[in-house]
Amino acid sequence: MAGSLSEIKGKIISTQKTSHITGAMQMVSAAKLTKSEQAAQDFQIYASKIRQITTDLLESELINGSKNPMLAARPVKKTGYIVITSDKGLVGGYNSKILKAMMALIQEYHAEDDNYAIIAIGGIGADFFKARGMNVVFELRGLEDQPSFEQVGNIISKSVEMYKNELFDELYVCYNHHVNSLTSQVRVQQMLPIAELDADEAAEEGTTGFELEPSRELILEQLLPQYTESLIYGAIVDAKTAEHAAGMTAMQTATDNAKNIIADLTTQYNRARQATITNEIIEIVAGANALE
């Protein structure tokens, strides 16, 4: 019984150490989540303004149709997917959710291996797709907790350039959208050709009544790629926020489970200790009776 008591006590100490680690990781993830949520809110201000300007400049094209390659749909021979995952685990079902959705999407729409291309952001996704022999054309690992546009600018501009060079004919970004600290939703959002702008959103007093220098066409030539790049960057910030939320929830669950295990082990320890004391009392009483 003494060996059993020692074993149970060792398990309690080990589980307590684990709970301290997971508790600290939960606090770190919570701090990262707060910063990431603020960054996402700040980005929405910029995104709203650039959307308003772009919509206003494109008002006539949106009404009458446009031949601009960033706007006009072309026959789809190949589809590009930017898939955002994390670089490490300990984030609950964050990665499995988006990877499962991507596999279902590819199985449904891409019977041939050469009619899609994957641009992987995050090591988990890159390793997952490459291990299955899937077409990963570009990857980015080691994304910061609060990614700057400079860090992801290369892969974003590369994706837009590949579309403009007709290496694929449409581009989607696939990621976990942050709803709240407990919930995220898989999103598959079309980035190119740009299809989400609405002429009704054009400002009542916009740039259409002004003379533009340089020409409106030259401005749009620069603005449309930047607009698409901003949308992709926004998706990355959103996905990173969802990752921090998933990590916080996973560590909170792990900490709660550790506390439950400690409570069960403590009950076992007390029962085993009480049994030991009871046996010792019985032995003493039996010895005393034998001497009478």
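Visitor: At what angle do the axes of helix 3 and helix 4 cross?
Guide: In this predicted model, the axes of helix 3 (residues 94-109) and helix 4 cross at roughly 40° and come within 11 Å.

Visitor: Left-handed or right-handed?
Guide: Helix 3 passes helix 4 in a right-handed crossing.

Visitor: Which residues meet there?
Guide: From helix 3 you have Asn95, Leu99, Met102 and Met103, and they meet Ile124, Gly125, Phe128 and Phe129 of helix 4. Six residues of this contact are nonpolar, two are polar and none is charged.

Visitor: Switching to the sheet, what's the strand order?
Guide: The order is 3-2-1-4-5, in an open sheet of five strands with mixed pairing. Strand 3 (136-140) and strand 5 (183-192) are the edge strands, each pairing on one side only. From one strand to the next, the twist averages 20°.

Visitor: How many bridges join strand 1 to strand 2?
Guide: Six, and the two strands, residues 79-84 and residues 116-121, run parallel. Within that pair, Ile82 stands opposite Ile119 of strand 2.

Visitor: And which strands does helix 4 lie across?
Guide: Helix 4 (residues 123-131) lies across strand 1, strand 2 and strand 3, and runs at about 155° to strand 3.

Visitor: What about helix 5?
Guide: Helix 5 (residues 149-164) lies across strand 1, strand 2, strand 3, strand 4 (170-180) and strand 5, at about 160° to strand 3.

Key:
Residues numbered from 1 in each chain as written. Predicted model: local features only at pLDDT ≥ 70, side-chain atom pairs only at ≥ 80, totals over all residues. Heavy atoms only, no water. Pairing = 2+ DSSP bridges. Helix = DSSP H or I, 4+ residues; strand = E, 2+ residues; numbered from the N terminus. Axes fitted to C-alpha atoms, helices over the stretch in contact; angles between N-to-C directions. Contact = heavy atoms within 4.5 Å. Left-handed = near helix turned anticlockwise from the far one by under 90°. Nonpolar A, V, L, I, M, F, W, Y, C, P; charged D, E, K, R; others polar.
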